[in-house]
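This report goes through a protein model, starting from one local feature and moving out to the whole chain.

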Amino acid sequence: MKKMGLVLSGGGARGAYQAGVLAAVQEISEKSGVPVKYDFLSGVSAGAINASSLASNADNLKVATESLAKLWSDVSFEKVFSTDSMTMGKIGLQWMSELSLGGMTGTTPGKALMDTAPLRQLIHSNMDYAKVEKNIDDGHLTALAITSIDYAKSATTTFIQGKNVLPSWDKGRKRSERTTISTDHIMASSAIPLLFPPVKVDDRFFGDGAIRNHAPCSPVIYLGAEKLLVIGVRLQSSTTAYEQRAAQYATAPSVARVVNTILNGALMDAVEQDVERLRRLNDYAIAIPPEQQRAVSLRPIDHLFISPSEDIGEMAVQKAQKLPRVVRYLLKGLGSLQDASELISYLLFEPTFCADLIEIGRKDGLSHKEELIKLLQK
């Protein structure tokens, strides 16, 4: 059986979708009698939370997927960031003061719109770090990889906890570090720029792992994965959908739409582009003889990419009124809620929204039943 890597992308509250897909994979495995094992778990941003949770329960994937679904079903704004008016008001006043007087007074390092102390507590209370190491020792898992951006070096850093024989890499702006994964690493990978504050790991500050991460599938491939399950969090729009959106946005863009576009590109484009790159390399690898594949260190990698069948941004706008009042106020200051659809979807840590995403993920996972069974059997 080929070793499998699971690649989980980022996207804030969209991480609930991944929980649904993983539940479907487990359901398909149980009903078909085809076992599933994730030898390599790799996550960025919300995917880092999900990958770490799976790692701590890798000895029992049924329990792992049920625990992950429960985590997202029970999530709320108060469990992710401080939503009280006093905290939000203080942050808002600091931003306004520094934007107007920063040249004279200087600015505060690590500025962000949200205080994520509750998220740290949520992650810490739902992780059993000792079990991660035990699952590696017992062979239920080969490695857990969590990726962040090192703000000092502007380099993508993948923190790896796994067996001692695993390779390491340092390829320009992509490097690996062996460590014992902790809440700091998960928080760092989940620190959406501007929205969530950077996180200090040892003596360096890190942010969301999706930034500058042009090849999110590469960590598990470097580590030795021979087949991949990749779960995205964005609808693959058709040309017609893009044309419709272009017609809808014929006016000059608001700040919200500009930020929406930047964050969307920074956090979610990479995994789609990397999967497309993998498809092209597979076509090339298959076309050349096996002995030449070895000569150029190229091998085809079986993979399945699952992404939402519905537009999560549009879904989020429909539930935007559930955002805390202060958050809605801040977003409306940047533009319309429609323009801020992606931002809203990152921040909509609300039970009914996350439950909807879990159900869509489960439905999408089940719709790939035959492909999943084929991948698991290889």
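## The β7-β8 hairpin

In the hairpin formed by β7 and β8, 2 residues lie between the strands, and Asp202 takes a positive phi near 60 degrees. Strands here are DSSP runs of E with at least two residues, helices are runs of H or I with at least four residues, and both are numbered from the N terminus. The model is predicted, with pLDDT of at least 70 required for local features and 80 or more for side-chain atom pairs, while totals for chains, interfaces and linings use all residues. Residues are numbered from 1 along each chain as its sequence is written, and side-chain values use heavy atoms, without hydrogens and water.

Strand β7 (residues 199-201) pairs with β8 in the antiparallel sense over 3 bridges; pairing requires that DSSP finds at least two bridges between two strands. Lys200 has Phe205 as its bridge partner in β8.

## Other strand pairs

Strand β8 (residues 204-207) is also joined to strand β3 (residues 143-150), by 2 bridges, and these two run antiparallel. Opposite Ile149 stands Gly207 of β8.

A parallel pair is formed by strand β9 (residues 227-231) and β10, with 5 bridges between them. Ile306 in β10 is the bridge partner of Ile231. Strand β10 (residues 302-306) is mostly covered, with 4 of its 5 residues buried. Buried means under 20% relative accessible area, against over 50% for exposed and partly exposed in between (1.4 Å probe, protein chains only).

In helix α2 (residues 46-56), 11 of 11 residues are buried. Among them are Ala46, Ile49, Asn50, Ser53 and Leu54.

Helix α2 packs against helix α3 (residues 61-73) at an angle of about 140 degrees, with the axes 9 Å apart. Axes are lines fitted to C-alpha atoms, for helices over the stretch in contact, and angles run from 0 to 180 degrees between N-to-C directions. Why is α2 oblique to α3? The angle of about 140 degrees makes α2 oblique to α3, because angles under 35 degrees count as roughly parallel, over 145 as roughly antiparallel, 65 to 115 as roughly perpendicular and the rest as oblique. The contact (heavy atoms within 4.5 Å) is made by Ala46, Ile49, Asn50, Ser53 and Leu54 of α2 and by Ala64, Leu68, Leu71 and Trp72 of α3.

## The whole chain

The protein chain has 16 helices and 10 strands. Of its 378 residues, 55% count as buried. Among contacts in the protein chain with a separation of 6 or more, 76% come from residues 24 or more positions apart.
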